[in-house]
Amino acid sequence: MKLTLWTYEGPPHVGAMRVATCMNGLHYVLHAPQGDTYADLLFTMIERRNHRPPVTYTTFQARDLGGDTANLFKDAARDAYARFKPQAMIVGASCTAELIQDDPGGLAEALELPIPVIPLELPSYQRKENFGADETFFQIVKALAKPMPRTEAITCNILGATALGFRHRDDVTEVTRLLGLMGISVNVAAPMGSCPADIARMGQAHFNVLLYPETGETAARHLERACGQPYTKVVPIGVGATRDFLHEVSALTGLSAKVDESALRAPWWSASVDSTYLTGKRVFVFGDATHVMAAARIAATEIGFDVVGMGCFNREYARPMRAAAKAYGLEALITDDYLEVEAEIARLQPELILGTQMERHIGKRLGIPCAVISSPVHVQDFPARYSPQVGFEGANVIFDTWIHPLVMGLEEHLLTMFREDFEFHDEAGPSHHGAKAMARTEDEVAEPSDTFAAEHADSHAVPVVTPSGEIVWMPDAERELKKIPFFVRGKAKRNTEKYAADRGVVQITVDTLYEAKAHYAR
Amino acid sequence: MSLDLPTSGCRSTPVLKERGQREVFCGLTGIIWLHRKMQDAFFLVVGSRTCAHLLQAAAGVMIFAEPRFGTAILEEKDLAGLADANAELDREVARLLARRPDIRQLFLVGSCPSEVIKLDLARAAERLNVQHAPHVRVYNYSGSGIETTFTQGEDACLAAMVPTLAPATARELLIVGAMPDVVEDQCLALLSAMGIGPVRMLPAHRAGELPGVGADTVFALVQPFLGDTHAALLRRGARHIAAPFPFGEEGTTAWLRAIADEFGVARDLFEAVTAAPRARALKAIATQSAELRGKRVFFFPDSQLEIPLARFLVRECGMTAVEVGTPYLHEAIVGPDLDLLPAGPVISEGQDVEKQLDRQRAAAPDLTVCGLGLANPLEAQGFTTKWAIELVFTPVHFYEQAGDLAGLFSRPLRRKAVLRKEAAE
C-alpha cells in the first residue's frame, strides 16, 4: 500500500484507451464498474476530442457481483459489435474487474465475432499507463501485422503516437515532413490515425521510426523480429538529435542525410547576442525519460544552460536515464512521487524547470519559472496552433517555449539597476507576463494586502528571509538579499547559507552574502 | 407564494428504468468538494491507481495546495493476504496523522477494489479510532462505483457521521448538505431574520462544530441526493421537513416557507424578510432566462439535481423538458418537486447511455444537460450542451444565485448565437 496524492501516470487500462481512442475502426470493451467512465473526459475535455472514446464499459454494480458479471460482459461485447461494427476489438479488465477474474478474452472468444478480438492482460496492481499503451499497441500489431513484400519506393512506419500524448499530433506531421525531405514516404503511422486494416499492412514498410519508446518500443521490437524491419533509436527532438536521426535513417536506407535546413531558426536564435543572458542558467529537467533525455541535450548543448538535475517518473527507462544523467555528472532522480521531485527542486533552486504539469505547479509554489516538456498533460498542452517538438520546427518551438517563462536579458539588467523603481520592480515579474504585474508596496515592511496575499500566495513560497536551520540572517543582510532580483534570489539565499554552513558561520551579514557571491561566481 | 400545482405533476408519471453503460462518476468524486468544506478532515481512499487518477482528473485543475485527500494504492502484495493490508493501512494512517496534526476527522473511503477484496474498513475505522482517540475521529464510508453514483458519495459520507453525532434534546433546525460558504451564510441570514435559530449544519466546517441530533431535531435538506442521510436521521428520531429544493425564486420560497411554517413564523414577517430578495431573484431570472423561454431541454443523469432543476427551468424559465434523467429517484425527497413539474417529460432512472443518446438525437433538444464525457462529442454534432458538473461546483442555491443558475443554462445558448453570427459574417 502506498499513499499517493497526485500521480504522473494513470492505470494501464487508460493506456489502452489512449491507443483505442486515437485509432479508427477499433473498439475497446472494458470490463469495469460504474465510474470508470471518468476516463472519457480526459479525451473529450483535455484533448477536446469531438468523439467519445470507442470504449464500452460493462458498468457492473455491487448487486451484479454475486450473480453473473460474465454474462454482463458478453452482452456488452455483443451489443458493442452490433452497434459500432468495428474492424477489430480489444477486450480487457480495469483494476476492479481484474479481481473478479471473469477472463474477458475467453468470454469474447466464445462469442465467435466475425472480426479479430484481441485480449489484453494489463496487471493493474503492478503496472501503469505507459505500459498499458505500449502493451496494447504491441498486442494489436502482433495480432494483425504480418510479413509481406516491401513497397517499391522506400517507405517507413511511424510508431508510438497516441491520444493524450505530449504534442504527438504535430510531431507525426513534422517527422513525416522531415522524412519527405529525404524522399521517404510514410506507409503507416500508428497507432494515432490508423485503423486495423492499416496495421495489417505495416509489414510493407522498409523500416520503422520509433517516435516514442514509452508507447511503441515493444511493437518496434516485435516488428523487427517478425517482419525484419529495423527501427530508429534516435528520437529527433532538438537540432543535434534531428541531424543524428537523419544520419541514422540514411544508414538504414542509403539515402542522403543532407536536407534543406532553411526553416531551422533555433541555432541562430540561440547564437544571437540577445541570448547571451541564457548562458549557464541552472535548469532542472523532469518528465518521461524520452523527453527528459532530449531536453537535457538541448539545454546543455543548444541553448547553453547548466543542467543541475534530471530524472523521470517511468521506472522502465531508469537505466538509459541514469546513463544520460551521468554524462552531465548527475545522479538521475527516478521517482513517481511528486513530493520527492518537489523536495529536490526546492533543494537545487534552479532558475528554470523543464517538466510536466506537476512540475509547473511545483514551480508556481516555489516561485520558479517552468516550461512543460512532457506528459502528464492538461488542456493547455493541446494548443490550437501547430506546435511540434520533433524536427526543425520542433527545435524552433522549443526555443520559444523555454525562453518565454524567463525574464528577458536586458530586462534582467534593468531590474538589477533600477530595482527601487515603483513601477518597474522585480516583484512585478517578467514584463511580458501581463497578469503578474502589480504596483510595488511603497512601504518596505508593509504586509501585502489580503487580495494580493490570496492571489499571489504562491510567489511568496520561497522564504526570502526565513532562517533555515541554525543560521540567522542579520537585518542588514536580509535587506540586501531583498535587493537581489527575484529570479536569482532563491539561488543567492541557498548559496549564502551553504557557504555559511560550510564555514560554521551562524550569523549572515552583508559581507557573508558578498563573500558567498564571490565564492560561487562563475 | 406561487405554489400553484400543475393540473397534473410528474409524481405519478411512470419511470423509465434503464440499466446498461452509465456515463457517470463514482461517489469518490464528492471528496473534491467535501475536503474543502470540512477544514479539519482528511479523506483517505483505499483503492487503486484508477481511484487516484479519477480524483486528479475530476479535480481538473490540480489543487496543489496540499490536498486533504489521498489514495492508499493497493499493490500486488496487499491483494495476497488481508492481514497484511490492514497492517499497511494502519502504518499509512499513522504516518499521515503524524505529518498532519491539524487533522481531526479521518474518513476511510472504500472503493471498488477494496470492496471486491472485502477489506473491512468499518473494522479498520474502529481499530484506528481506538488508536488515535481522542484527537482524531475515524469514520468510514463507501465511495465506490459499484455502490455509489457521483453525489451519493456525499450522502454516504454524511450518513456515516449521523450515528456518531451527540444526542440533543433541544428543538433545533438542522440543515443537511454541503453548500458553498457564501450560500450557507445567505441561508442562515434569511432564517435568522425570521427568528429561527439556533441552526446547525451538517457537514460542519470543523469537528468541534458538529451538530447534535435527537427526537426534537427537525431537518431540511438542501441537496436532493441525501437519501441515506435522510434515513439515518430518521433513525435517530429527527423529523424531515419535506419541501421543494431551494433552487430559483419559487423553490427557495417554498423551501423557506415549509421551515417557517414548522417554526410558526408569521406570514407578514415571512413576507417582510423574503420580499426584497424574491424581487431581486425574479428580476435576475427574467434577465438571464430570455434565451431559455420556449426552448426544449434534455437531462442526462448525473447528480440527482435533475428533477429540481427541471422544475426550475420549466416553471421559472419557460422551458419545456423532454426527458429528465436521474441516477436515482428518491420519491420521499424529490416528491414535492415532482408535484410541481408539469407532466410531459420522460422521467428516467439509471442509464443505458447508447439508448439514451439515440433518444436525445431523435428529440433534438435545444439544450442538453450532460456530463463532461458527452459534452464535446454532442457539441461536435451540433447540439448545445451544459456540463452538469458545473451545477454541483457553482453556488446555485437560494435567491441571490437564482439568476446565476438560469445563466448557467442560458450562457451556452447565448454563446452559440454569438459564434453563429461571427461565422455568418
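Here is a walk through a predicted model with two chains, A and B.

Let's start with chain A on its own. Its secondary structure comes to 22 helices and 15 strands. Chain A has 522 residues, and 49% of them count as buried.

The contact between them takes four residues from domain 3 and seven residues from domain 4. On the domain 3 side, the residues touching domain 4 split into no nonpolar, three polar and one charged.

Next, how do the two chains meet? Their contact takes 45 residues from chain A and 49 residues from chain B. Several elements of chain A each supply at least two residues to its side of the contact: β1 (2–4), α2 (38–46), β3, α3, α5 (95–100) and α16 (357–366). Which of the elements gives the most to the side of chain A that touches chain B? That would be α2(A), with six residues. Sorted by class, the side of chain A that touches chain B has 19 nonpolar, 17 polar and nine charged residues.

β1(A) pairs with strand β3 (residues 69–73) of chain B in the antiparallel sense, over three bridges. Within that pairing, A:K2 stands opposite B:I73 in β3(B). Step back, and you can see an open sheet of five strands with mixed pairing, in the order β1(A)-β3(B)-β2(B)-β4(B)-β5(B). The edge strands are β1 of chain A and β5 (137–142) of chain B, each pairing on one side only. From one strand to the next, the twist averages 25°.

Further into the sheet, strand β2 (residues 41–47) of chain B pairs with β3(B) in the parallel sense over five bridges. Here B:V45 has B:T71, in β3(B), as its bridge partner. Helix α2 (residues 49–59) of chain B packs on the sheet and touches β1 of chain A together with β2 and β3 of chain B. The direction of α2(B) makes about 160° with that of β3(B). Another helix of chain B, α6 (residues 121–132), lies across β2, β4 (105–110) and β5 of chain B, and runs at about 170° to β5(B).

Now find α14(B), which spans residues 353–363. In this helix, B:V353, B:Q356 and B:Q360 are buried. Seen down the axis of α14(B), the buried residues fall within an arc of 60°, so they line one face of the helix. What do the buried residues of α14(B) pack against? Their partners are β10 (296–299), β11 (320–326), β12 (346–351) and β13 of chain B. The face of α14(B) turned away from the buried side carries the exposed residues B:D358 and B:A362.

Most residues other than glycine have a negative phi, and most peptide bonds are trans. Just after α14(B), B:A364 takes a positive phi of about 40°, although it is not a glycine. B:A364 lies in the loop between α14 and β13 (367–370) of chain B. Is B:A364 buried or exposed? It counts as exposed, because it has 12 C-beta neighbours inside 10 Å, and the cut-off for exposed is 12 or fewer.

Over in chain A, A:T59 has a positive phi of about 55° without being a glycine. You'll find A:T59 in the loop between β3 (55–57) and α3 (62–65) of chain A. A:T59 counts as buried because it has 27 C-beta neighbours inside 10 Å.

There are cis peptide bonds to spot as well. One joins A:S375 and A:P376, with omega about 5°, and A:P376 lies in the loop between β13 (370–372) and α17 (391–403) of chain A. Another joins B:L202 and B:P203, with omega about 0°. B:P203 sits in the loop between β7 (199–202) and β8 (217–221) of chain B.

Key:
Residues numbered from 1 in each chain as written. Chains lettered and ligands numbered in written order. Predicted model: local features only at pLDDT ≥ 70, side-chain atom pairs only at ≥ 80, totals over all residues. Helix = DSSP H or I, 4+ residues; strand = E, 2+ residues; numbered from the N terminus. Buried ≥ 20, exposed ≤ 12 C-beta atoms within 10 Å, placed from the backbone. Arc of directions from axis to C-beta. Nonpolar A, V, L, I, M, F, W, Y, C, P; charged D, E, K, R; others polar. Pairing = 2+ DSSP bridges. Axes fitted to C-alpha atoms, helices over the stretch in contact; angles between N-to-C directions.
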